[in-house]
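Keep the structure open as you go.

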Amino acid sequence: MKYLIAGLGNIGEEYANTRHNIGFVTVDAFAKASEASFLSDKYVSIARTSHKGRKVILIKPTTYVNLSGKAITYWLAKEKIPLENLLVIVDDIALPLGALRMKTKGSDGGHNGLIDIIAQMGTTEFPRLRIGIGDDFAKGYQVEYVLGKWTKKEEEILIPRIEVAVEAIKSFVHDGIERAMNRYNTRINNGDTG
């Protein structure tokens, strides 16, 4: 059994520690916990590891968020991984900071990365993990907010939630998406840590 875990983000120093790069941060944390290292390959940085006997391929597309579909479709085909074994990790302004939402399918929600993945694959039916980044911005400043860097206060909330997201990915790989959803789909502000 093989799984492709794709964390979305933008490459380059200017995008490091920005809200839009939460997908990169999450797969980095998974790789670190697994003592796996990223190498440069076609369209991606890639790390290979395993969890309870299942192969896990972590990718960070180097195509920028808006063209993520090209990298994901290439690696799905190259590794012969079925769609249900793909998990795309994205930021979501519709969720409170640190909230986790795993879904089996869904719309793009206005997220440019998901828009491109859906266009490239011709389907909305692939698993995704949405991580809340909140919506603390003035009208008309969404782009600046999403591409802005985390505040210290936000980081304090987010760092433990990234650890929970890593556990959610492990559950997706080992237990399947239904059980992972039941366990990890929480709202940060109700006191539930997942």
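**Exercise 1.** With which residue does D92 form a salt bridge, and how far apart are the closest N and O atoms?

*Solution.* This is a predicted model. Start with the partner: D92 pairs with R130. The closest N and O atoms are 2.5 Å apart. D92 sits in strand β5 (residues 86-92) and R130 in strand β7 (residues 128-132). They are 38 residues apart, so the bridge links distant parts of the chain. Last, check burial, with the cut-off at under 20% relative accessible area. D92 has 12% and is buried. R130 has 18% and is buried too.

**Exercise 2.** Which parts does the salt bridge between D28 and K60 tie together?

*Solution.* Take the contact: N to O is 2.7 Å. Then locate the residues. D28 lies in helix α1 (residues 22-33) and K60 in strand β4 (residues 54-61), so the pair ties together parts 32 residues apart in sequence. Now compare accessibility. D28 is partly exposed at 33%. K60 is buried at 13%.

**Exercise 3.** Where do K152 and E155 lie?

*Solution.* Both belong to helix α5 (residues 152-175). They are 3 residues apart, about one turn of the helix. K152 is exposed, with a relative accessible area of 63%. E155 is partly exposed at 23%.

**Exercise 4.** How many salt bridges does a search of the whole structure find?

*Solution.* The search gives 7. Look also for a network: salt bridges link K2, R48 and E79.

Key:
Residues are numbered from 1 along each chain as its sequence is written. This is a predicted model: local features need pLDDT of at least 70, side-chain atom pairs count only at pLDDT 80 or more; totals for chains, interfaces and linings use all residues. Side-chain values use heavy atoms; hydrogens and water are left out. A salt bridge is a side-chain nitrogen of Lys or Arg within 4 Å of a carboxyl oxygen of Asp or Glu. Helices (H or I, at least four residues) and strands (E, at least two) are DSSP runs, numbered from the N terminus. Buried means under 20% relative accessible area, exposed over 50%, partly exposed in between (1.4 Å probe, protein chains only).
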